[in-house]
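Subject: Structure handover and notes

Dear colleague,

I am handing over the structure we spoke about, and below it you will find my notes. Please read them with the sequence and the coordinates open beside you.

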Amino acid sequence: MILPDFSSRLIAWQKQYGRHHFPWQTDDAYCVWLSEIMLQQTQTVTVAEYYPRFWAAFPTVRDLAAAEQEQVLALWAGLGYYSRARNLHKAARQIVAEFGGTFPQRRTELEKLCGVGRSTAAAIVAFAFRQRETILDGNVKRVLCRVFARDGNPADKHFERQLWLLAESLLPENGDDMPAYTQGLMDLGATVCTRSKPVCEMCPMNDVCQARKEGRIGELPRKKTPLAIKQQTVFWLLLQRDDGAVWLQKRPQKGIWAGLYCLPESDSAKGLAEYAGNFAVQAADWEELPAIWHRLTHRLLEIIPFYVRVPCSERLPEKVTGQWVLPAKLPETGMPKPLQSLLENGLRVTHNICG
Ligand code: SF4
């Protein structure tokens, strides 16, 4: 099916019914890039909460490049998928080092940046530089598969190439229309043509949508084969000093929660007991806290935390790496979400001051 007025319908609809209130809806490439990275795998409502804080701390790409990774991860804490934050930081440094602190205006140049794929690069050049490049994220694929009744395996590269070609063929002629058009694609997929229960009455394509005509909305796009989820149990040790400080270790740069601060962890209670020996605390003094369940992409983590109080001591354990972090410093320490909630609920009020 050919639909020559796809873009004009979408642009008119976006101007009247689309979303216009987000703080990142500007023609500043830095703001667009920041929001696009945050919006990958995160709900808009959550991004709307994090974005202003992040932008206030790093208002330009140079500010972000000059920051320490720990500052960036601390502001990202809770958004999940931390590789996005590490890549964002690396890419900011690339922009400063390789492009003099100015965003390149070509999609293919932008794709050389850490963590920037074709769709993200297209969004940046469409919004910031009004270039005729198309986005194609999961929401846009859903809209196209339905409007044009495209039926294929979402994991198939050939099918994906077909969708890119289709998306490119629909672009508006005039580059000035690119911001409204691109926002329209995003808005339609996010607010009207949703995965379940699309609101077809509100859709600017409802009289031409092939999936609707054929009664195939529920089956298009085809579902991805669900990932096999493995369950894993880990044990955490929450050591709290009499002045309230908590013992934290920085995680390695590879693996889950890379670069964030976390509690000592072991895959067995015995391993944790051996570690605790460094602090001269007895396993009999431990208190088992309620288990925490945390879903990662391919894994379901069961975290079993143990709490133990440690007397104040000037001497740090010699054989272990880590540091005591006072309660006042915890909010600015980058840590994974399950640890944030554990500390909110698992810490004891302390009155003794070490000295
Ligand atoms: S008519 Fe319904 S199914 Fe078709 S694109 Fe619009 S919202 Fe989606």
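This is a predicted model: local features need pLDDT of at least 70, side-chain atom pairs count only at pLDDT 80 or more; totals for chains, interfaces and linings use all residues.

Residues are numbered from 1 along each chain as its sequence is written. The element names refer to DSSP runs numbered from the N terminus, where helices are H or I runs of at least four residues and strands are E runs of at least two.

Ligand surroundings

There are 14 residues around the ligand, and of these Cys193, Pro198, Cys200, Cys203 and Cys209 come nearest; a residue is near a molecule if its C-beta atom, placed from the backbone, lies within 6 Å of it. The elements that give two or more residues to this shell are α9 (138-147) and α12 (210-214), and α9 gives the most, with 3 residues. By class, the shell has 11 nonpolar, 1 polar and 2 charged residues, where Ala, Val, Leu, Ile, Met, Phe, Trp, Tyr, Cys and Pro count as nonpolar, Asp, Glu, Lys and Arg as charged, and the others, Gly among them, as polar.

Helix contacts

Two packed helices are described by the angle between their axes and the distance between the axes. Here the axes are lines fitted to C-alpha atoms, for helices over the stretch in contact, and the angles run from 0 to 180 degrees between N-to-C directions. Angles under 35 degrees count as roughly parallel, over 145 as roughly antiparallel, 65 to 115 as roughly perpendicular and the rest as oblique.

The axes of helix α2 (residues 29-39) and helix α3 (residues 44-57) come within 10 Å and cross at roughly 135 degrees, so α2 and α3 are oblique to each other. Their crossing is right-handed, which is the term used if the near helix is turned clockwise from the far one by less than a right angle, with left-handed used if the turn is anticlockwise. On the α2 side the contact involves Cys31, Leu34, Ser35, Met38 and Leu39, which meet Thr44, Val47, Tyr50, Tyr51, Phe54 and Trp55 in α3; two residues are in contact if their C-beta atoms, placed from the backbone, lie within 7 Å. This contact of α2 with α3 has 9 nonpolar, 2 polar and no charged residues.

For α8 (118-129) and helix α11 (residues 178-192), the axes come within 7 Å and cross at roughly 140 degrees, and α8 and α11 are therefore oblique to each other. The crossing of α8 past α11 is left-handed. Ala123, Ala126 and Phe127 in α8 meet Met178, Pro179 and Thr182 in α11, and the residues of this contact divide into 5 nonpolar, 1 polar and no charged.

Helix α9, already named for its part in the shell around the ligand, also packs with helix α10 (residues 157-169) at an angle of about 80 degrees, with their axes 11 Å apart. The two helices are therefore roughly perpendicular to each other. Val140, Lys141 and Leu144 of α9 make this contact with Leu163, Leu166 and Ala167 of α10, and by class it has 5 nonpolar, no polar and 1 charged residues.

Strands

Two strands are said to pair if DSSP finds at least two bridges between them. Strand β1 (residues 230-241) and strand β7 (residues 299-310) run parallel and are joined by 12 bridges; Thr233 has Glu302 in β7 as its bridge partner, and Gln232 stands opposite Leu301 in β7. β1 is also joined by 2 bridges to strand β4 (residues 265-266), in the antiparallel sense, where the partner of Trp236 is Glu265.

β7 pairs with strand β5 (residues 287-288) over 2 bridges in the antiparallel sense, with Glu288 opposite Phe306. Strand β6 (residues 292-295) likewise runs antiparallel to β7, with 4 bridges, and Ile292 stands opposite Ile303 in β7. β6 and β7 form a hairpin with 3 residues between them.

Two backbone details

Most residues other than glycine have a negative phi, and most peptide bonds are trans. A cis peptide bond joins Leu220 and Pro221, with omega about -5 degrees, and Pro221 is found in the loop between α12 and β1. Arg130, in the loop between α8 and α9, has a positive phi, near 55 degrees.

With best wishes
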